Amino acid sequence: MSVSTELDRGRAAYGQRQWQSALSDLSSAAQTDELSADDLVRLATSAVMMGRISEGIDILARAHEQCLAAGDLAGAARAAGWIGLQLMNAGRPAEGSGWLARADGLADQMSTAPELHGLPIVGAALGALYGGDPGRAASQFAAVVEVGDARRDHDLSALGRLGRGQALVMLDDVATGLALLDEAMVAVTAGEVSPIPSGIVYCAVIGVCHLASDVQRAYEWTLALDRWCRSQPDLVSFNGQCQMHRAALFQLHGAWDEALTAAHAAQELFARGDHMAGFGAYYQQGEVQRLRGQFEQADASYVAANRSGFDPQPGLALLRLAQGQVTAARSLIDRASAEADPATRRLMLPAQVEIALAAGDVPAARAAADELSAAADRRAMPLLLARAAQALADVHLAEDAPAEADRSARTALELWRELEAPFEEACCRILHGRACRALGDEETALMQFDVARGILSELGAIPALRELGALTGEAQSSPLTARENEVLRLVAAGMTNRAIAGELYLSEKTVARHLSNIFTKLDLPSRSAATAYAYEHRLVGPAAPVASAH
């Protein structure tokens, strides 16, 4: 195959976002002939999109040197700027700052190209944003927007609006910040922004939506990101972050198995080069494991999340609370909350309420609940309103104000139902039941407890089921659903998945899913262990109860 043919194929693949083919063909062409600076940029972009960040940076450095040799200072400055941003994103800030300074110096020599100063400003603004100075970052990103808009540089404009929006959300100006994020996303979805900035904007916007408790925006943009990733089958960079965001939404909506599947996919893509997916991939896995009572696994997941450079809160603090380590839990959540920006602090307030109540510090819980309520009143986001109402219900009960607790619990319950968040719905039903019991309405209390028990059993939320059992004075019921109990009974009887499927009129795939759920909920490693469990709990034999499928 001729060099020109390989080059043409590589350019065509690049245009169609077939990153593996573009990388292969452009690399082959580069072995026998010197690529132009533009083709080197295409090759570097393909490498980055495949998760091969260091390779992409090296190729960009070649493009930079080639531009310098040809006297193309504008091309050299732009390549240097993108190298700097990639290095900073890869956790190499010293090298990144050096390249950004080089880009700035080259731009100074060209009064006719002021937009080239935009990338160094982005680097400085990112340093301020993640260095605890969102106010300075907001001003710097505003300058980036100005430069990008003036020169019709869509990449710069999108990055500037993204960064300014992030900074304003961190400064608690949520409405303005989210509006800027929407503007950035419009440019991305319209195809005006090049591939790497597009991925950066997609993933960062969704993260900020979660930070701002805007579930609907997060859901809409996650769907858009998923479509963008699926249109590029070879994509590694940003794809792991997409799976990470999917895991968060699955968890909220009670699809915990699917959340774990998405978290595992994010971990695989993280290992292949999507380095920004690491924290969320392991944190979301830890959250599901904690709620299911798999405390050792959750601890390991939070440790893995911490290795990415982020504090795994409030999950780790809530894990310590579930393990009975109240003092450690309080130390963790109080420290993290004190160090957080306003938006991140809001995410930690529900955990602060729960942990303070467990420690017997009702005034501290009241202060955190009031702060959360004030934030919810300013924003009226359904998720934030639900969290605030739930926290107030818990505090009202501790203050021996059951009528107020009942009103707050019913408000939270309705909001969580609208958000389709079953675990939180179950928790609020328990709060409602406790308030009804305190008001002397035992019948309603037992009804709420019974509905909550069904939801928690379906989810496999074993710690919450134990707490409910202690509250009702009942022995802990099996965490399995009726159908899962039936599958377990047939496994213990020695039947294969195919035979069970025939017996229960199910597909083998459904039987396998039920069996996987059984292993997870009961923390069992194998069919033989499941059989032993079934005999130990009298699910087989003459005394075995008859389960009704549902």
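Among contacts in the protein between residues at least 6 apart in sequence, what share joins residues at least 24 apart? The figure is 56%, where a contact means heavy atoms within 4.5 Å. The model behind this is predicted, so local features need pLDDT of at least 70 and side-chain atom pairs count only at pLDDT 80 or more, while totals for chains, interfaces and linings use all residues. Residues are numbered from 1 along each chain as its sequence is written, and side-chain values use heavy atoms, with hydrogens and water left out.

On the overall build, the protein has 29 helices and 0 strands; these are DSSP runs numbered from the N terminus, with helices being H or I of at least four residues and strands E of at least two. The radius of gyration is 27 Å, close to the 24 Å that the globule rule gives for 550 residues, so the protein is as compact as a globular protein of that length. That radius is taken over C-alpha atoms, and the rule is 2.2 Å times the number of residues to the power 0.38. Along its principal axes, the C-alpha trace spans about 85 × 55 × 35 Å. Buried residues make up 54% of the 550; buried means under 20% relative accessible area, exposed over 50%, and partly exposed in between (1.4 Å probe, protein chains only).

Next, helix 27. This helix runs over residues 497-504, and its buried residues are Asn-497, Ile-500, Ala-501 and Leu-504. They sit on the same side of helix 27, because they cover an arc of only 100 degrees around the axis, the arc being that of the directions from the helix axis to the C-beta atoms. An α-helix has 3.6 residues a turn, so residues three or four places apart point the same way. The cover over the buried residues of helix 27 includes helix 26 (482-492), helix 28 (508-522) and helix 29 (527-536).

Most residues other than glycine have a negative phi, and most peptide bonds are trans. Ser-213 has a positive phi, near 60 degrees, and is found in the loop between helix 11 (195-211) and helix 12 (215-230). Asp-400 also has a phi near 60 degrees, this time in the loop between helix 21 (382-398) and helix 22 (402-419). Ser-213 is buried, at 2% relative accessible area, whereas Asp-400 counts as exposed at 66%. Finally, a cis peptide bond joins Gln-313 and Pro-314, with omega about 5 degrees; Pro-314 lies in the loop between helix 16 (295-306) and helix 17 (315-322).
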